[in-house]
Amino acid sequence: MDSLATVLRRIPLFADLPPGSFAKIIADLREECHPPGTVICYEGEEASDFYIIKSGQVEVLINRGGGQRELVATNGPSDWFGERALFADRPRSATVVARTEVELWRLSQEKFLGLIEENPRLILHFTQVISDRLYQTNQELSKKQAAFNFYIESLFHAQPPAQQELLTRTAILTSLDPAVVRGLTNHQDATAALATFEAQHLFVWRHNGAVSYPEAVREFLLNRLTAEVGVEGFHALHRQAAKLYEQAGQWGQAIDHYLDAGDDAAAARLLVGHASEFLDDDRLDSLCNWLDRLPETVFDDDLAALQRRVDQRLHPAEASLPLLSRRRVLRTQVSTWVKSWFGLVAGLVAGLAIWTTRPLIGLDTSCMHMLALLTWAVIFWAFDVLPDYVVSIGLIIGWILFSVVPTEVALSGFTTSPFFLIIGVLGITASLQSSGLLFRLALHVLRSFPLTYRGQATGLALSGTAITTFIPDSTSATAISGPIILALSDSLGYARRSSGSAGLAMAALLGFGQMCPFFLTGAAENLLAWGLLPEAMRVQITWGGWAFAALPLALVTFVAAFALIMFLFPPEFQPTISRGLIETQIEALGPPSYAEIINGVVVVGAMVGWITAPYHHIDVAWVAMSGLALLLATDLLDRATFRSGINWDFLFYLGAVLSLTSVVQKLGIDKWLVNELAPLLGPLAEHPPLFLLVMALVVFIARFILPSFPLVSLFTITVVPIAMNAGINPLPLVLVICTTVTVWFLPYQNTCYLALYFGTKEQAFSHSQVRPLAWSYGVIYILAILASIPWWWMLGLLS
């Protein structure tokens, strides 16, 4: 038997796909098995899947009218059907039934459109393939049609007038039943005439035990009939045929002819009266066709009930939802609506209340206005009243219009290093994705760990932790992991924003983001805090000493968070992907292409630049932007991919969040906050465990106002001296600050989280899905600190 890759290359649609896209098609195929007699798809139902036959045979049947199916093809291994479903939501044109036990590969329209979304250039490829096939088919058909028309016209005119009338008047029939033919034509010798035509192989044929006109002949005769009798005469013949079939008890044929006659009421009467018979015979294709042809004006409660019964048979998983589940969905929709309106009112009321409050001691009117606007924005973000970037734009406009800070301060976030770092990283990842290199890496990650949900989640978390140890910018590393997560999720068969997809993303965030505080070079905040310590203390803290002191923090955080991820995000199913399929995908990719090699060089160069930043003193943002510029200059990242690969909505959001630092510092809110906290923290320093726990809580609260960088710098400068005076080594305190600063209760508080969210194009998970995990990190960090206190005592870091 031919390999899957060989079979796919025979299909014109996929024959000339680039290796990366071709391998992704293989990854998106899902294997399924059906016993003999199973209806794989019905004519008339909405199409959404393309099929390739792995083994066995299927019968392709079309509805000939009157509830009769005609066998038009038998397909076997390496054949395919349903390719139209990939491009349009149109009804199936045929019913496909398993003739033997059959194994299929299925490609969903959702996966196919996702591939095009990732690589817009494929639209041109598929358009070219389809247009070429249509042109060739039209050319062949036009030649055959001209020859056929000449032949059939000559043959028809060679018949006597009585025979011509017999042929045209019976053209409305899909099956030439002798009794109906006699009643329709009043031609007593009609049976003999049809037998003569059949014996001479003229006009008619016997197919599936019944005499009928071939479709091309019937179309020719129908055109002549319409020209002779007009529309009214055409309808009258159909009405006469319908009554004959109804008298004979052939309900399907009667319904078809009543519909063709325009007598919708009579068709609806028969359809409702005999629906159970059609359902018992599994004639869902005919029922779909009849229901679609009936106008809405005749739809009553009985027809609506029949429509629901048909939908239930076609889509049992959706239509058979219990009433309780449907009510739960409705309650969720109402709850979302109420939540949005509550957030709208609460945000406006809270913001207005702070705006009109007399300034607190140490703050002026501008500070209160800034806090009012921030409160409004936080509530709107928390309750998803408006999209994140819209609220961010409103926040910036408020700062400027109400003269809270100068314009250059309000827009300062758009000129910061992290802003350009994110642009550079998102651009590089867009190029990596379009080149196929990220997909190749994802396949090797899949191959390196057990092919289970838990195994792949473990692989992501451990890989992220390993990379975090030497990349001092966790945001860029997390952003790069985004497309890999989507590729892994797709390969395992999990839908976008499903529980499985969200769990994989959160496992990656654990490794790339939440583990970064435990390594000195794991985050820029760590290096910042270390650099702000007194020189005597800084010399004592080595890379190994930092990691050794953080060991209990790291272990408790990793184990507790990973266990919680597995609990909160159980997979919908266990993956069915095999190692053989992975090897097939890797084989389909072939050797690395020129684009992959250059992209790989750029990524490695960027990582080296990030790692060695403390030595060459080039900001990591300009390392990333240099890599992006190289990709743009070599056209490996074209304009369309550059536009689609970077989430420009996110950049507005990010710019506003980054501007918070400058706004807070310009107004002096950061110093006011520290001055308010210092008298409270001093007495607590005499009790180190309590002091560290309170500091964790203070950081949690301060994160609603202060971004991570100014918070780390302020607390390191002001709180570390208090701790040192009380005999507390600054290392445990710095570890607590750098660990708890990564917590996020709302999306805007964590740039790593945002980088992952937008790096996965908002498709891996939603904010509401992961909110319970986000809030749980606060508890996890408290537990990790409690577990670390005995360790720090043992190391002599606490008095």
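Predicted model: local features only at pLDDT ≥ 70, side-chain atom pairs only at ≥ 80, totals over all residues.
This short talk walks through the overall form of the protein and then a handful of its residues.

Residues are numbered from 1 along each chain as its sequence is written, and side-chain values use heavy atoms, with hydrogens and water left out.

Let me start with the whole protein. Its secondary structure comes to 39 helices and 10 strands, where helices (H or I, at least four residues) and strands (E, at least two) are DSSP runs, numbered from the N terminus. The radius of gyration is 35 Å, well over the 28 Å that the globule rule gives for 799 residues, so the protein is more spread out than a compact globule; the radius is taken over C-alpha atoms, and the rule is 2.2 Å times the number of residues to the power 0.38. Along the principal axes, the C-alpha atoms fill a box of roughly 120 × 60 × 45 Å.

Of the 799 residues, 52% count as buried, by which I mean under 20% relative accessible area, with exposed being over 50% and partly exposed in between (1.4 Å probe, protein chains only). Among contacts with a separation of 6 or more, 76% are between residues 24 or more positions apart, a contact being heavy atoms within 4.5 Å.

Now to the interior. In soluble globular proteins, nonpolar side chains tend to be buried together. Here the largest nonpolar core has 150 residues, and those with the most contacts inside it are Met 370, Trp 399, Met 506, Phe 765 and Trp 792; such a core is a set of buried Ala, Val, Leu, Ile, Met, Phe, Trp, Tyr and Cys residues joined through side-chain atoms within 4.5 Å. A second, separate core has 57 residues, including Tyr 258, Leu 271, Leu 291 and Leu 314. Returning to Met 370, and not counting residues up to four places away in sequence, its partners include Trp 399, Val 404, Leu 660 and Ile 669.

Which residues does Thr 465 touch, if we again leave out those up to four places away in sequence? They are Gly 511, Met 515, Phe 519 and Phe 558. Thr 465 itself is found in helix H21, residues 453-468, and it counts as buried at 13% relative accessibility.

In helix H22 we find Ile 484, which is buried with a relative accessible area of 16%.

Most residues other than glycine have a negative phi. Ser 403, although not a glycine, has a positive phi of about 55°; it sits in the loop between helix H17 (388-401) and helix H18 (407-410), and it is exposed, with a relative accessible area of 55%. Arg 497 is likewise not a glycine and has a positive phi of about 65°. The place of Arg 497 is the loop between helix H22 (474-492) and helix H23 (499-514), where it is partly exposed at 35%.

I will finish with a strand residue, Val 211, in strand E10 (residues 210-212). Val 211 counts as buried at 11% relative accessibility, and, leaving aside neighbours within four places in sequence, its contacts include Ser 175, Leu 176 and Trp 205.
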